[in-house]
Amino acid sequence: MAQTGRPREFDLDERLDRAMEVFWRHGYDGTALSDLTAAMGINRPSLYAAYGNKEAIFLKALDRYTDGPASYVQTAFEQPTARATAETILRGAVTTTTESGPIGCLFVQGALATSEQGGGIQREMAARRQAAHDRLRERFDRAATEGDLPPDTDTDALARYTWMAAYGLSVQAAGGATADQLHRAVDLTLATWPPPTSSQPPPTSD
């Protein structure tokens, strides 16, 4: 007698990547549970059982985005200079928002959550943006101490300026700007970068 095999379990990460793309295209508020179930190919009970509610799915998708399309941010902090760190963030933002998937940035799309149900997402996104800002400011603080930036650099403002430019690039991409146009904007942004005060290269270790 033929044996009936167990039903094949779906790949949790692969389905989560599908959810990530839906959120990336439509934002948090613009995505309905029916959009997620259709894209992920599972019914609502299975979705809740595997991932939780819509907010939980979005946060899991955001983590996938951070480790995948937006992994250039981590790469940026491995660069030897403050300028290279900023440039890696900006060039990465251009590539990710114009070439790697849906146009725009999931972090920017998520920040547009405005419904009452999106309050938790707004707070989480704000906390993540603040953490990224703090980490970049600390990187620039170290650069100022090492002579890679002038000692009187307003590192808080410089970190804010860098993220502002990165998020602005994403908005421009969503509006139809090309990668070439955005890379030229990055060139202009970096043209005014504060020069190092030391002729010695900064240490490569963190």
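A residue counts as partly exposed when its relative accessible area lies between the buried limit, under 20%, and the exposed limit, over 50%. Y161 has a relative accessible area of 34%, and is therefore partly exposed. The model discussed here is predicted. Y161 belongs to helix α9. In space, the C-alpha atom of Y161 is 9.6 Å from that of T189, although 28 residues separate the two in sequence.

The overall make-up of the chain is as follows. The protein chain holds 10 helices and zero strands. Read from the N terminus, its order of elements is α-α-α-α-α-α-α-α-α-α. The chain has 206 residues, and 41% of them count as buried.

Helix α9 covers residues 155-174, which makes 20 residues. From first to last C-alpha, α9 reaches 29 Å. At 1.5 Å a residue, 28 Å is expected, and the value found is close to that. The buried residues of α9 are T155, L158, A159, T162, W163, A165, A166, L169, S170 and A173. Viewed down the axis of α9, these buried residues fall within an arc of 150 degrees, so they line one face of the helix. The face turned away from this buried side carries M164 and A174, both exposed. Just after α9 comes G176, with a positive phi of about 110 degrees.

Helix α6, residues 82-98, packs with α9. The angle between the two is about 15 degrees, and their axes are 9 Å apart. Angles under 35 degrees count as roughly parallel, so α6 is roughly parallel to α9. The crossing of α6 past α9 is right-handed.

Helix α10 comprises 13 residues, 179-191. At 1.5 Å a residue, α10 should span 18 Å, and its end C-alpha atoms are 18 Å apart, so the two values agree. Buried in α10 are A179, L182, V186, T189 and L190. Down the axis of α10, the buried residues fall within an arc of 90 degrees, and they therefore line one face of the helix. L188 and A191 sit on the other side of α10, where they are exposed.

E99 lies in the loop between α6 and α7, the latter being residues 106-111. The relative accessibility of E99 is 54%, and E99 therefore counts as exposed, the cut-off being over 50%. In sequence, E99 and A179 are 80 residues apart; in space, their C-alpha atoms are 7.9 Å apart.

Helix α5, residues 72-76, contains Q74. With a relative accessibility of 39%, Q74 counts as partly exposed. Q74 and I89 stand 15 residues apart along the chain, and 8.9 Å separates their C-alpha atoms.

S115 is located in the loop between α7 and α8, where α8 covers residues 119-146. S115 has a relative accessible area of 25%, so S115 is partly exposed. The C-alpha atoms of S115 and D29 are 6.8 Å apart in space, against 86 residues in sequence.

One annotated span remains. In an unreviewed entry, the UniProt annotation "DNA-binding region" covers residues 32-51. In the model, residues 32-51 are 80% helix and 0% strand. The end C-alpha atoms of this span lie 15 Å apart.

Terms used: Residues numbered from 1 in each chain as written. Predicted model: local features only at pLDDT ≥ 70, side-chain atom pairs only at ≥ 80, totals over all residues. Heavy atoms only, no water. UniProt positions renumbered as here; feature names shortened; annotations may be inferred. Helix = DSSP H or I, 4+ residues; strand = E, 2+ residues; numbered from the N terminus. Expected span 1.5 Å × (residues − 1). Buried < 20%, exposed > 50% of the residue type's maximum accessible area, 1.4 Å probe, protein only. Arc of directions from axis to C-beta. Axes fitted to C-alpha atoms, helices over the stretch in contact; angles between N-to-C directions. Parallel < 35°, antiparallel > 145°, perpendicular 65-115°, else oblique. Left-handed = near helix turned anticlockwise from the far one by under 90°.
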